[in-house]
Amino acid sequence: QVQLVESGGGSVQAGGSLRLSCAVPGLTFGHFAMGWFRQTPGKERVFVASITRSGGDTAYVDSVRGRFTISRDNAKNTVILEMNSLKPADTAVYYCNGVVGSPPIALFSRWGQGTQVTVSS
């Protein structure tokens, strides 16, 4: 069963930066496109960013394009989300998952615990 372990969240002021990491042990990681999603209380989890299996192509939701950067290290089974110029609207619990389709949707039914990002104004 796939295990997704997110880390790196925290509390920052608007304009600050955070670096999220997601480890996926035990998976043939390079076989899967990966993505980040986020969820706020009472709302559905939504797509944020994705990266292809090789890392050669990325996609972002309009609200984060130009501020967030997704990357991956296939040797370490890790996907990273660098978040800059953070806004209060970015406050959410962030999750990683495999992705498939266009627009990207989550591939694995089981989610990790997520990591909380809080941005204060």
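A disulfide is a pair of cysteine sulfur atoms within 2.5 Å. In the predicted model described here, the structure holds one disulfide, in which Cys 22 is joined to Cys 96 with an S to S distance of 1.8 Å. Cys 22 belongs to strand β3 (residues 18-23) and Cys 96 to strand β9 (residues 92-100), so the pair ties together parts of the chain that are 74 residues apart in sequence. Both Cys 22 and Cys 96 are buried. In general terms, such a link is a covalent bond between the sulfur atoms of two cysteines.

The overall fold may be considered next. The protein contains eleven strands and zero helices, and the order of its elements from the N terminus on is therefore β-β-β-β-β-β-β-β-β-β-β, with strands taken as DSSP runs. The radius of gyration is 13 Å, close to the 14 Å that the globule rule gives for 121 residues, so the protein is as compact as a globular protein of that length. Along the principal axes, the C-alpha atoms fill a box of roughly 40 × 25 × 25 Å. Of the 121 residues, 42% are buried, and the accessible surface of the protein comes to about 6300 Å², of which carbon and sulfur atoms hold 50%. Among the contacts with a separation of 6 or more, 55% are accounted for by residues 24 or more positions apart.

A search of the whole structure for aromatic pairs finds four. One of them is formed by Phe 37 and Phe 47, whose rings are 6.0 Å apart from centre to centre, with 75° between the planes, and which are edge-to-face. This pair links distant parts of the chain, since Phe 37 lies in strand β4 (residues 34-39) and Phe 47 in strand β5 (residues 46-51), ten residues apart. Both Phe 37 and Phe 47 are buried. Another pair is made by Tyr 95 and Trp 111, whose ring centres are 5.8 Å apart and whose planes stand at 80°, so this pair is also edge-to-face. Tyr 95 is found in strand β9, whereas Trp 111 is in the loop between β10 (105-106) and β11 (115-120), so the pair ties together parts that are 16 residues apart in sequence. Tyr 95 counts as buried because its relative accessibility is 11%, under the 20% that sets the limit for buried residues; Trp 111, with a relative accessible area of 24%, is partly exposed. Phe 37, Phe 47, Tyr 95 and Trp 111 form one aromatic cluster.

Charged side chains are also placed over aromatic rings. Arg 45 lies over the face of Tyr 95, at 4.3 Å from the ring centre, and the charged end of Arg 72 sits over the ring of Phe 29, 4.4 Å from the centre of that ring.

Some features of the backbone occur in loops. The peptide bond from Ser 102 to Pro 103 is cis, with omega near 0°, and Pro 103 is found in the loop between β9 and β10. Asn 77, a residue other than glycine, has a positive phi near 50°; Asn 77 is placed in the loop between β7 (68-73) and β8 (78-83) and counts as buried, at 15% relative accessibility. Phi of Ser 85 is likewise positive, near 50°, in a residue other than glycine. Ser 85 is placed in the loop between β8 and β9, and at 41% relative accessibility Ser 85 counts as partly exposed.

Methods
Residues numbered from 1 in each chain as written. Predicted model: local features only at pLDDT ≥ 70, side-chain atom pairs only at ≥ 80, totals over all residues. Heavy atoms only, no water. Helix = DSSP H or I, 4+ residues; strand = E, 2+ residues; numbered from the N terminus. Buried < 20%, exposed > 50% of the residue type's maximum accessible area, 1.4 Å probe, protein only. Phe/Tyr/Trp six-rings, centres within 6.5 Å; stacked < 30°, edge-to-face > 60°. Lys NZ or Arg CZ within 6 Å of the ring centre and 35° of its normal. Rg over C-alpha atoms; globule rule 2.2 N^0.38 Å. Contact = heavy atoms within 4.5 Å. Areas by Shrake-Rupley, 256 points an atom, 1.4 Å probe, with all protein chains shown as cover.
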